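Trainee: Could we go through this model together, slowly, with one question at a time?

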Amino acid sequence: MARSLSQMMLKRFAAYPLARSSAITSRSIHQGEVRYSTSVPSDPDTHEDFRPTSKLESSGLSLENIVEQDVKENPVMIYMKGVPDLPRCGFSSLAVRVLKEYNAPISARNILEDPELKNAVKAFSHWPTFPQIFINGEFIGGSDIILNMHQSGELKEKLNTIVNNQGKEE
């Protein structure tokens with residue numbers, strides 16, 4: 001009699017005891033599917049140095065001020081899922097690839113690390129989706145807009161002064 005893959009997996013791993021840790025792991029079986037979820041409770045035994053922290057919170061600035069400062073101080077600022085070297089979504093990846101075509105310096109923040117930052121950026125730009133790209137302090141839009149600007153030549157004009165200034169600084 002043929003067994004389903006999930007039944008074979010359950011039998012195989014039933015022989016191995018689950019490791020105990022400060023994380024709580026629960027397993028439920030629903031119509032042949034195995035679902036795992038993990039949560040980390042507030043563990044009083046965990047040293048403060050190992051608890052998750054937000055670098056943005058420790059800067060002393062409000063998130064709104066951080067976004068405003070980012071946009072003002074960085075010629076090309078992108079709020080994205082992931083980082084330019086490792087985008088975590090196709091739209092963020094596309095935006096980074098297009099911007100890198102111009103060799104412009106790209107500054108970025110990963111919105112996946114801090115949901116409050118994500119909300120602060122949305123409030124700042126009045127735009128609901130990501131990535132969000134700012135050039136010379138101006139909100140441009142997302143990957144679709146950057147791609148259209150690239151195809152029309154408008155992006156080259158916008159980034160030309162940034163790229164030229166970067167060459168003079170070096």
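Predicted model: local features only at pLDDT ≥ 70, side-chain atom pairs only at ≥ 80, totals over all residues.

Mentor: Residues are numbered from 1 along each chain as its sequence is written, and side-chain values use heavy atoms, with hydrogens and water left out.

Trainee: How many salt bridges does a search of the whole structure find?

Mentor: Side chains of opposite charge can pair when their charged atoms come close. A salt bridge here is a side-chain nitrogen of Lys or Arg within 4 Å of a carboxyl oxygen of Asp or Glu. Searching the whole structure by that rule gives a count of 3.

Trainee: Which parts are tied together by the pair Arg 109 and Asp 70?

Mentor: The side chains of Arg 109 and Asp 70 form a salt bridge, with N and O 2.5 Å apart. Helices (H or I, at least four residues) and strands (E, at least two) are DSSP runs, numbered from the N terminus. The two residues are 39 apart in sequence, so the pair ties together strand β6 (residues 107-110) and helix α2.

Trainee: Where does Lys 158 lie?

Mentor: Lys 158 meets Glu 138 in a salt bridge, at 2.9 Å from N to O. Glu 138 belongs to strand β8 (residues 138-141), 20 residues away in sequence, whereas Lys 158 lies in helix α6 (residues 154-169).

Trainee: At what angle do the axes of helix α2 and helix α4 cross?

Mentor: Axes are lines fitted to C-alpha atoms, for helices over the stretch in contact, and angles run from 0 to 180 degrees between N-to-C directions. The axes of α2 (residues 63-73) and α4 (residues 115-125) come within 9 Å, and they cross at roughly 65°.

Trainee: Which residues of α4 make the contact with α2?

Mentor: Contact means heavy atoms within 4.5 Å. From α2 the contact has Leu 63, Glu 64, Val 67, Glu 68 and Val 71, and from α4 it has Glu 116, Leu 117, Ala 120, Val 121 and Phe 124.
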